[in-house]
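These are my notebook entries on a structure I was asked to look through. I record what I looked up, entry by entry.

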Amino acid sequence: LGDLATQRATRRMGLPPLSQDAVRELAGQRDVDAAELYRVTGGNPFYLSEIVAADWPSVPLTVRDVVGARLARLSSGTREVVQAAAVIGTRVDRSLLSLLTGAPIDERLMAGILVSDGTDLRFRHELVRMAVQAEIAPYRQLQLHARLLSALEDLQDADPAVLAHHAEAADD
């Protein structure tokens, strides 16, 4: 789908996000938390239908494919920034991301995956963040968490729970 969208003959149809009630109805009798599905997908009909059809809470392979195709079109430096942002979490402090990657963070690096959220960045959909993080090689995840832990330790007001999370992920 990601590659198809770049073709000239492709017509794009915009679909508004589904409401929380619609997400609840689509989830039906499945043993899933509809509020969590809404949070993770933002009501995106494609993501939602793929999650409902897959074994949630794992990221569906179809979503990984779409996100992977979009990442593959980015430069390696931009991919590294997006991966670092995925490790940071849902809300991404621009200065922390820049410190972690050594790259200036600007609008071009967002590539439609990250969006501005006040002074911070966030992933357009939490499911996209999860898909990006799932595709990061284990050794690279260890490196990113270790560098992030070091950067957070330098901040005087870092949340101990966040430090513990990244320490565990860094095998520290």
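Entry 1, strand pairing. I looked up arginine 91 and found that its bridge partner in E3 is arginine 122. The model I am reading is a predicted one. Strand E1, residues 91–93, is joined to E3 by 3 bridges, and the two run antiparallel. I then turned to strand E2, residues 114–117, which pairs with E3 over 4 bridges, again in the antiparallel sense. Aspartate 117 stands opposite aspartate 120 in E3. I checked the hairpin of E2 and E3 and noted 2 residues between the strands. Glycine 118 in this hairpin takes a positive phi near 70 degrees.

I followed the chain to histidine 125, which is placed in the loop between E3 and H8. Is histidine 125 buried or exposed? I record it as buried, because its relative accessibility is 14% and the cut-off for buried is under 20%. Leaving aside neighbours within four places in sequence, I list its contacts as Val40, Thr41, Gly42, Asn44 and Tyr47.

I asked how many residues of helix H8, residues 126–134, are buried. The count is 8 of the 9, so I describe the helix as largely enclosed by the rest of the structure. The buried residues are Glu126, Leu127, Val128, Arg129, Met130, Ala131, Val132 and Gln133. I next looked up what they pack against. Helices H2 (34–41), H3 (45–53), H4 (61–72), H5 (76–88) and H9 (138–154) are on the list, together with strand E3 (120–123).

Valine 132 counts as buried because its relative accessibility is 1%. Not counting residues up to four places away in sequence, valine 132 touches Val67, Leu71, Val82, Gln83, Ala86 and Phe123. I also looked up its separation from alanine 85, which lies 47 residues away along the chain. The two C-alpha atoms are 9.3 Å apart.

I asked which residues touch the most other members of the largest nonpolar core. Out of its 40 residues, these are Leu37, Leu97, Phe123, Leu127 and Val132. H5 supplies the largest share of this core, with 7 residues.

The axes of H3 and H4 come within 8 Å and cross at roughly 145 degrees. On the H3 side I list Phe46, Tyr47 and Glu50, which meet Thr62, Val63 and Val66 in H4. I sorted the residues of this contact into 4 nonpolar, 1 polar and 1 charged.

How many aromatic pairs does a search of the whole structure find? I recorded 1 aromatic pair. It is formed by phenylalanine 46 and tyrosine 47, with 5.6 Å centre to centre and 55 degrees between the planes, and it is classed as tilted. I then looked up the exposure of each partner. Phenylalanine 46 counts as partly exposed, with 27% relative accessibility, whereas tyrosine 47 is buried, with a relative accessible area of 9%.

Note on methods
Residues numbered from 1 in each chain as written. Predicted model: local features only at pLDDT ≥ 70, side-chain atom pairs only at ≥ 80, totals over all residues. Heavy atoms only, no water. Buried < 20%, exposed > 50% of the residue type's maximum accessible area, 1.4 Å probe, protein only. Contact = heavy atoms within 4.5 Å. Phe/Tyr/Trp six-rings, centres within 6.5 Å; stacked < 30°, edge-to-face > 60°. Pairing = 2+ DSSP bridges. Axes fitted to C-alpha atoms, helices over the stretch in contact; angles between N-to-C directions. Nonpolar A, V, L, I, M, F, W, Y, C, P; charged D, E, K, R; others polar. Core = buried A, V, L, I, M, F, W, Y, C linked by side-chain atoms within 4.5 Å.
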